[in-house]
There are 4 protein chains.
Amino acid sequence: MPAADRPFAIGIDIGGSKVAAGVVTSSGELVDRRTLPTPTDRADAVEGAIVRLVADLSADHPVTAVGIGAAGWVDETRRIVRFSPHLAWRNEPLADRLAARLELPVVIDNDANAAAWGEYRFGAGQGCDTFAMITLGTGIGGGLVIDGEVHRGRWGVAGEWGHLCMVPDGQICPCGNRGCWEQYCSGEALRREARALAGTGSPMAVPLLELVGNDPEAIRGHHVTTAALNGDPACLEILCGVGEWLGRGLAGLAAILDPARFVIGGGVSEAGEVLLAPARTAFARHLTGRGFRPLAEVVAARLGNDAGLVGAADLARRAAQEPSPRA
Amino acid sequence: MPAADRPFAIGIDIGGSKVAAGVVTSSGELVDRRTLPTPTDRADAVEGAIVRLVADLSADHPVTAVGIGAAGWVDETRRIVRFSPHLAWRNEPLADRLAARLELPVVIDNDANAAAWGEYRFGAGQGCDTFAMITLGTGIGGGLVIDGEVHRGRWGVAGEWGHLCMVPDGQICPCGNRGCWEQYCSGEALRREARALAGTGSPMAVPLLELVGNDPEAIRGHHVTTAALNGDPACLEILCGVGEWLGRGLAGLAAILDPARFVIGGGVSEAGEVLLAPARTAFARHLTGRGFRPLAEVVAARLGNDAGLVGAADLARRAAQEPSPRA
Amino acid sequence: MPAADRPFAIGIDIGGSKVAAGVVTSSGELVDRRTLPTPTDRADAVEGAIVRLVADLSADHPVTAVGIGAAGWVDETRRIVRFSPHLAWRNEPLADRLAARLELPVVIDNDANAAAWGEYRFGAGQGCDTFAMITLGTGIGGGLVIDGEVHRGRWGVAGEWGHLCMVPDGQICPCGNRGCWEQYCSGEALRREARALAGTGSPMAVPLLELVGNDPEAIRGHHVTTAALNGDPACLEILCGVGEWLGRGLAGLAAILDPARFVIGGGVSEAGEVLLAPARTAFARHLTGRGFRPLAEVVAARLGNDAGLVGAADLARRAAQEPSPRA
Amino acid sequence: MPAADRPFAIGIDIGGSKVAAGVVTSSGELVDRRTLPTPTDRADAVEGAIVRLVADLSADHPVTAVGIGAAGWVDETRRIVRFSPHLAWRNEPLADRLAARLELPVVIDNDANAAAWGEYRFGAGQGCDTFAMITLGTGIGGGLVIDGEVHRGRWGVAGEWGHLCMVPDGQICPCGNRGCWEQYCSGEALRREARALAGTGSPMAVPLLELVGNDPEAIRGHHVTTAALNGDPACLEILCGVGEWLGRGLAGLAAILDPARFVIGGGVSEAGEVLLAPARTAFARHLTGRGFRPLAEVVAARLGNDAGLVGAADLARRAAQEPSPRA
């Protein structure tokens, strides 16, 4: 069956708790999906899960290629996982091994790159050839589209702006540096600030603590977002603070990249305008050259959790169609 | 005479004190040059100086196009100067006005973009399709080449990484923000640190003060560089400090852009390894993901003061040869 | 029995662990007392405890009124508890409910206001119509007497100087702000500093750790005071640091209020001159206009733990004697 | 002529450049006025100027008393100037000397106290028995009304909240301390921030520099206000920053005093909502116990430059009518 008759690509999103796979059309529709729990013990077990998911889905759908989005660093050829925080992969030639087992073209990409591509093709990045996507999860993921292509950098690791140093000698970061942006603007920042408040025994923390059975250790970023959206004043203040750091960081990215638009995704972005309004204010206040240049838009992502999966599928389809190895 | 018979392009570099013009071959050779003092009183006087320089040079050389590098912000079409710190231009349609007067194709570009392009084509950026050029003058200029093209951003103002905030509430910057990178890594930083030391009456400042007739107000960045190259310990320390900030900033740029190489130019870069060695050390220490990724090279620019002029000429030649408006 | 024949008032102090009640004469003598454990589960159980204590005491003594001092915020009418950190009260009309059950006039006041009044009438504030009382417990409580009256402010919440911001972006406080005075000058500050020292494994912390069975988590503020009074050098340093913050804060209060005297009470004040001597030094060093104005006295409270109870009783007696509702 | 037939009091405002005197009715109307330049060379020359102004005005109007508002510190009896920054007075028994020469009752008061009283009786403080007035001039002046009386403190120097320490080791203040509120929230703060920006050669400072003939040394606070009201973005940012510090300081005052209202006067307050809007936002964000208490109002003063003069006259009238020495 020629590629033209196989209209579907499979996108796979490897998360910390589950591996999600979906069948995606060339117009970005997700027509079928399956998930399996992420086997965290062995890297080859993850490979097995991917093979099973693809086998299941391709039994029902004619599939042309498989795209994988993974947290961590993928090399510039998009064939090797340099490093993944959740899994045991180190310089793993995952794409070639999977291609051999699946007998399908496979590409891998950083999950935030895949999400940026998904938003570019079918979501909040449409029509905007140069934009940056910021996914606010536990940390910050970044995907950069320049002139209609994902910019991956010389070694595949561009877009790691979550590790821009914003505060010399600031909060320590898992990357080993201090003061990284994602320490001030992420679910982790929400969690840390909220636990610090709760740890003081503050009455302001009472509504938040009720959400977590009065166990401060149970507070997660999403509890803060939920409470803020319910109008809890302390959580609104915390989100507003994170929004301000978001805007300050965007001002840095705009100084470097001058994108037309910033698309804000990830779990924290579910706070919507509670987050984006202070971010826009801080962005406009801290942008270098404000007054002598237009302001980039700051908008919410539109594809939600499916962005990475949809983007990965589309990147794989494009790679399979190209004569050259570049997507 | 057809373009093929007119092998030369003119590059022009508008500086704070002089306007330099040069005739450049397609292989980047500078075969003739003229300069005039920069008329700082009126913007149209600058235009007149450019016209005169081009007239003089094209009387002697068959010229195909004129490229202009200017400090300040040039719009994304490369025809309008949005804003220039030295001159009175505000949203000035300079390219079209000059093209009409010169009867030659004209493009304008930010001076650091032009220098980056010059280094890319004929200097320290050769063979490296994705790299960032950092010019350390009074402030920081930036030029970014991605996939063999200058990245100018949506509104022409990309590469302004001199205004990345490195220190919240730090030194005030002409851009109106505080803590910008260029406040810690530039000729201005050398000047400020050296004057501060001299202002304490420190015996460490004696050799530097001798260079400037014992007038602390006369200290400029280049005095610090000169003294450091002569082995003055205090000035070596100051340059080393600036080098460390250079490396910290490069780590931020690498997090975002993952370039293959950083090319360091501008007057401060004349300090050579005195500056670059501590920069490389700090870069390697602060790069996020160090150990899991290759280190970008940090090298000195090779074209010196001619980089902007040569790059501007080459950008103009390319633009004139292309059917489309993109260089 | 007319009021003149009922010379006693009952004062009640609601603490985190016990409810103390005492029978107080018009000259401030405490002639009888009872206590019950504080029921922390339900607010109405606290009410029940108060009713029982008053019933017991008034069976033995002819009582004219009941005054209650409570941690937390009492409204400007002294009838409603706006908020109490230890109890579940929120806008609770406690005074009217108790008055109905007790068939006696009842007033409520903030515990630090009651203590300030007690010291004013019968203790270290005597003869001083304008003074400020600072009670150093876990946090800071404040009571302000101006022209011989407690100053309660428009909504009853004056005197909360424990939440003056002394350090922008400093230690987080239960009030939701950062850098509040009470984070640097209180039992909590002693505890935090001492635990931080012990957490380093410092040999300086050994004597203190011996007091708490070598369990750093068991360190409380009073252990630091005890050790300091025993001559332990590390704890003396910590108390001296807290004393310096005390003096700095008093300088702020003096700038605003210009009181004749500061009376320092609460558990931390048991350190006596170990605390007050550095406080006076810092006060004299940081007072604005020092040299052009007399220095307010900084003295220890005299009524100890009874100040609140005695003050509450006296406030109740005064209110009952007045034709108007204001004490 | 009995006092009832002499309906006027004279108020005098001793400023750094002129001595203003006005005839004020019992309903706060200013029916006549005279000014003389302030003789800065000798203190007794100021006395002479006051005598002349009073003689001139009382020739035309039947006057019952004279009230004087002076920058600096007046003792608690309101008869002695402890210290005045502009003049050479040190513990000067000004009131008694003037009363003897003028043959009229005289009281002196701190100028901000007089202004607060003026606003209380006839301006933005009307109907509000407990409020604080903050006058933002070169520094911060403060006047505090509690229960319908000016609170002057034990030694007459209350209300000096301009010297609350907001930033440990911050900007140095003429009072000899560092980090005083007035260093961040005053005309001096506007001046310092604006000059710092202009000193960088920033293009953002161009419109402001045009107001002062391009001499950065000529910038005063009122230029910043003027430019901001004309829409200049840089000056708007500076005023917004000062407004935020205003709100932070008000949060401190509210923690201590719990006033019903803050009245903001002085030259900087001419910025109106440009200043007050960010002040209210910061106040609401930093107020301890926000959410559990009402927010005090933050409003602009209404009497402008006449507040001190009108207030001084009214204070003098009240003092003259009272049997006791208290106003």
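This is a predicted model: local features need pLDDT of at least 70, side-chain atom pairs count only at pLDDT 80 or more; totals for chains, interfaces and linings use all residues.
Q: On H1(A), which exposed residues sit on the face turned away from the buried side?
A: That face carries A:Ala55 and A:Ala59. Residues are numbered from 1 along each chain as its sequence is written, while chains are lettered from A and ligands numbered from 1 in the order written.

Q: And which ones are buried in H1(A)?
A: A:Val46, A:Ala49, A:Ile50, A:Leu53, A:Val54 and A:Leu57. They cover an arc of only 130° around the axis, so they lie on the same side of H1(A); the arc is taken from the directions from helix axis to C-beta atoms.

Q: What do those buried residues pack against?
A: Strands E1, E2, E3 and E4 plus helix H2, in chain A. Helices (H or I, at least four residues) and strands (E, at least two) are DSSP runs, numbered from the N terminus. Contact means C-beta atoms, placed from the backbone, within 7 Å.

Q: Switching topic: how many residues does each chain put into the A–B contact?
A: 35 from chain A and 35 from chain B. On the chain A side, strand E6 (81–83) and helix H7 (233–257) are the elements giving two or more residues.

Key: A residue is buried if 20 or more other C-beta atoms lie within 10 Å of its own, exposed if 12 or fewer, and partly exposed in between; C-beta atoms are placed from the backbone. Two residues are in contact if their C-beta atoms, placed from the backbone, lie within 7 Å.
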